[in-house]
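Dear colleague,

Please find below the structure that I am handing over to you. My notes on its charged side chains and on one of its helices follow.

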Amino acid sequence: MIKKIGAFLACTLIATGVSSCSGVAAPGAQSGDKTVTVATVAGYDDTVAVTGLWTELLSEHGYTLQTKQVDLAAGFAGIARGDLDGYLNAWLPTTHGTYVDKYKDQLNILDKPFFDNDRLVLVTPKSMPENTISEVVNNASKYSSKIVGIEAGSGEMKILPDVLKKYNATDKLDIVAGSTPATLAALKDAAAKNKPMVATLWTPHWAFASMPIKALDDDLQGWPKPDGSYIVLSKQFASKEAEVAKWMSNFKITEEQYASLMLDVSEASSPTEGAKKWLENPDNRKAADSWFK
C-alpha cells in the first residue's frame with residue numbers, strides 16, 4: 001500500500017525546484033478539458049486521498065487535475081504567485097498556519113473546512129500497555145528513548161518539540177525525522193512483532209484501519225486543538241474558475257467517509273482508482289453529487 005502511494009507522488013525534478021506530475025484524464029474526457037494544477041506533498045496520505053477524489057470528480061465535469069509535488073513552503077508560495085491553482089488540504093489554524101499566514105493576502109482560503117477534526121498524535125502498537133504520552137515518557141528507555149517522526153519540514157514535526165516541553169520530555173525522547181512511508185513501514189513491523197515503538201502520525205488515517213496501532217492519549221494537552229481541513233486556492237484561479245471554487249466550497253466529509261476514502265486509496269493501484277471505488281458506495285456518491293448542485 002505504501003509503495004502505491006509513493007508511486008503516485010514520485011515525480012521528476014524540474015528546474016524551478018518543484019517536482020511535476022501530470023494528472024491523467026479519465027476515460028471519456030474530451031481533448032478540450034480545462035486543467036487545474038494543485039500542490040501535493042510526498043507522504044501526506046490524507047492529501048493524496050482528497051486529491052485523488054477531486055481528480056475523479058473534476059474529470060466528470062470536464063476538467064483535468066494535475067499535481068506538482070512540493071514542500072509546503074514552496075507550495076503556498078507558488079499558489080500566492082499564481083503558479084499553482086491550489087492545495088486541497090491545508091490544516092488550519094495551527095499545523096499549516098505558519099505557511100499560510102505568510103501569504104494570506106494573496107490566497108483564497110475557502111470559508112469552511114471540509115473536515116473539522118484533524119488531530120496530530122503519537123502512536124504505538126496496540127499491544128503496548130502504555131496508553132498516554134506521560135506513560136511513554138516515563139518508560140522512555142523501553143522505546144529506545146526516541147520518537148520516529150515523519151518529514152522534518154512538516155507542520156507536525158515543527159510542533160512536536162513544544163509538545164515534549166509540555167511533558168518535560170525534551171531530554172528523555174529524541175526526535176528522529178524521516179518520511180511518512182518509512183514511519184508507516186516501521187509501525188507495521190513493530191505492531192506485527194509486538195515491539196515497542198512510538199511514532200508521529202495524524203488522524204484520520206488509513207493506518208488505524210489496517211494496522212493494530214493506537215493513538216496515545218494527550219493527557220497534558222500538549223498538542224494544539226484539532227485543526228480543520230481547508231481548500232486554499234490562488235486568487236487568480238478562484239476568480240477565473242468561480243464555479244470550481246463553488247463546488248469545492250460545498251465539499252464536506254464525515255470522519256467515517258474520510259477514513260474509508262483514505263483506506264480505499266491506500267489499497268488501490270492509484271488514488272483515482274481508490275476514489276472510484278469509494279464513489280461506488282451509494283451514500284458516498286450521493287454526498288459527492290450534492291457538492292455540484
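Asp-189 is partly exposed at 31% relative accessibility, a class that lies between buried (under 20% relative accessible area) and exposed (over 50%), with a 1.4 Å probe and protein chains only. Its salt-bridge partner is Lys-195, with the closest N and O atoms 3.8 Å apart; Lys-195 is partly exposed as well, at 40%. A salt bridge here is a side-chain nitrogen of Lys or Arg within 4 Å of a carboxyl oxygen of Asp or Glu.

Please note that this is a predicted model, in which local features need pLDDT of at least 70 and side-chain atom pairs pLDDT 80 or more, while totals for chains, interfaces and linings use all residues. Residues are numbered from 1 along each chain as its sequence is written, and side-chain values use heavy atoms, without hydrogens and water.

The structure holds nine salt bridges. One of them joins Glu-60 and Arg-285 at 3.0 Å, N to O, although the two residues are 225 residues apart. Salt bridges that share partners connect Glu-60, Arg-285 and Asp-289 into one network. Another bridge pairs Lys-142 with Glu-130 at 3.1 Å; Lys-142 is partly exposed at 32%, whereas Glu-130 is buried at 7%.

Glu-241, by contrast, is buried and has no salt bridge. The nearest side chain of opposite charge, Lys-34, is 4.2 Å away, where Lys and Arg count as positive, Asp and Glu as negative, and His and the chain ends are not counted.

Yours sincerely

Note on methods: Helix = DSSP H or I, 4+ residues; strand = E, 2+ residues; numbered from the N terminus.
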